[in-house]
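Subject: Structure handover

Hello,

Here is the structure I said I would pass on.

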Amino acid sequence: MRSIWNGAISFGLVSIPIKLVNATENHAISFRQIHTEDGGRIRYRKFCELEDREVTGQEIGKGYEDADGTIIPITDEDLSSLPIPTAKTIEIVAFVPEDRIDPLQMDAAYYLAAGGAPAAKPYTLLREALKRSNKVAIAKYALRGRERLGMLRVVGDAIAMHGLLWPDEVRAPEGVAPDTDVTVRDKELDLADALMDTLGEVDLEDLHDEYREAVEEVIAAKASGKTPPEAPAPERGGKVLDLMAALENSVRAARESRGEEPEEEARVRSLPQRGTSRSSPKETGGKKSTSTAKKKTASSPRKSASKTSQAEKKATTKSTAKATTKKTPAKKSPAKKTTSRKRSA
């Protein structure tokens, strides 16, 4: 990787020659400006106001515009010889826990490469010291015409530096939070926690830029004379009026997508459709509607079966009792007749 800055790390009285290398790269698709009528390229040309002619990049330098409009030329030599220690040095000023750094201050990331064999020993010493202390180094350095703040930390076997914004460059979040009093119930927090647990963690290596891939498909289709793919129609959804129902639906959908059985707390009772309620008017006189009776019968088949079996048992018992009652007098009548015959004899 090509270095963009050469200097040294100042670690107390230890000086470590290093090279600054970009740690990130941009994969975004860049477009050119064209004339929509004929597709011609739109180019910007740089003209000198005094000579009224186009100038090349080698002829362009830097200048500061004073309050009265006067331009003061500033050369690279002027900036490289500034009377500050960070002109060519990353000066470590403190070591702090990593959680002391506000993520809002994070800026561009760089790798610090050891500048030659003599830098290997002090470079490794600083890396191992950062590892054992579980801290990061706060440093000051100058890059691209201004002094900056940086944070040094260990990434694998290398030392990385994150550019940091100065504290006064981070704006306070005034007027961002809701200005109304909102009460969040414990049940809502429990469902939010359940949703967070269900979604779980993700391996950042599995994430990719789907927007860039879609743009590449459009470019490839148009280059081959084909029709670009159309975006799917967005789902029409109304406003979420019930936060609890939305959370429960989210938990249930997340669990189903992971192949898990939805728990009791994630179930949502569905309301009857408006069309059904209008088409079946309520019956008067305290009678239940036929549709309600059918729902109850369909929802509890076991209860219906048990009631039927109990009714059959009762009917069998009653019929047996009646049969027994009828047979009893028939047995007594012959006994009476036999007695009367004996007396007559």
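Predicted model: local features only at pLDDT ≥ 70, side-chain atom pairs only at ≥ 80, totals over all residues.

Residues are numbered from 1 along each chain as its sequence is written, and side-chain values use heavy atoms, with hydrogens and water left out.

Whole chain

The chain has eight helices and eleven strands. Both are DSSP runs numbered from the N terminus, with at least four residues of H or I for a helix and at least two of E for a strand. Of the 345 residues, 17% are buried (under 20% relative accessible area; exposed is over 50%, and partly exposed is in between, with a 1.4 Å probe and protein chains only). The accessible surface is about 28,500 Å², and carbon and sulfur atoms account for 53% of it (Shrake-Rupley method, 1.4 Å probe; for residues, only the protein chains shown count as cover). Of the contacts between residues at least 6 apart in sequence, 56% join residues at least 24 apart (contact means heavy atoms within 4.5 Å).

Barrel

Seven strands form a closed barrel in the order 1-2-8-11-10-9-7, with mixed pairing (two strands pair if DSSP finds at least two bridges between them). From one strand to the next, the twist averages 40 degrees (axes are lines fitted to C-alpha atoms, for helices over the stretch in contact, and angles run from 0 to 180 degrees between N-to-C directions).

Strand 1 (residues 3–11) and strand 7 (residues 89–97) run parallel and are joined by three bridges. Within this pair, S10 is opposite E91 of strand 7. E91 also has a bridge partner in strand 9, namely K140. Strands 7 and 9 pair antiparallel over six bridges.

Strand 9 (residues 135–143) is largely enclosed by the rest of the structure, because seven of its nine residues are buried. Seven bridges link strand 9 to strand 10 (residues 146–155), again antiparallel, and I138 faces M151 of strand 10. The hairpin of these two strands has two residues between them, and R144 there takes a positive phi near 55 degrees.

Salt bridges

The whole structure holds nine salt bridges (a side-chain nitrogen of Lys or Arg within 4 Å of a carboxyl oxygen of Asp or Glu). One of them joins K131 to E128, with the closest N and O atoms 3.8 Å apart. Both residues are in helix 2 (residues 120–133), three residues apart, or about one turn of the helix. The N to O distance is 2.3 Å for E51 and R53, and 2.9 Å for R53 and E59. E51 is exposed at 51% relative accessible area, whereas R53 is partly exposed at 34%.

Other residues

V182, V184 and L189 make a nonpolar surface patch of about 280 Å² accessible area together (patch residues have over 30% relative accessible area and no salt bridge; like charges are joined within 9 Å, and nonpolar side chains, Val, Leu, Ile, Met, Phe, Trp or Tyr, within 5 Å). V182 is in the loop between strand 11 (158–164) and helix 3 (186–199).

I74 belongs to strand 6 (residues 71–74). Its C-alpha atom is 5.5 Å from that of K62, twelve residues away along the chain.

Regards
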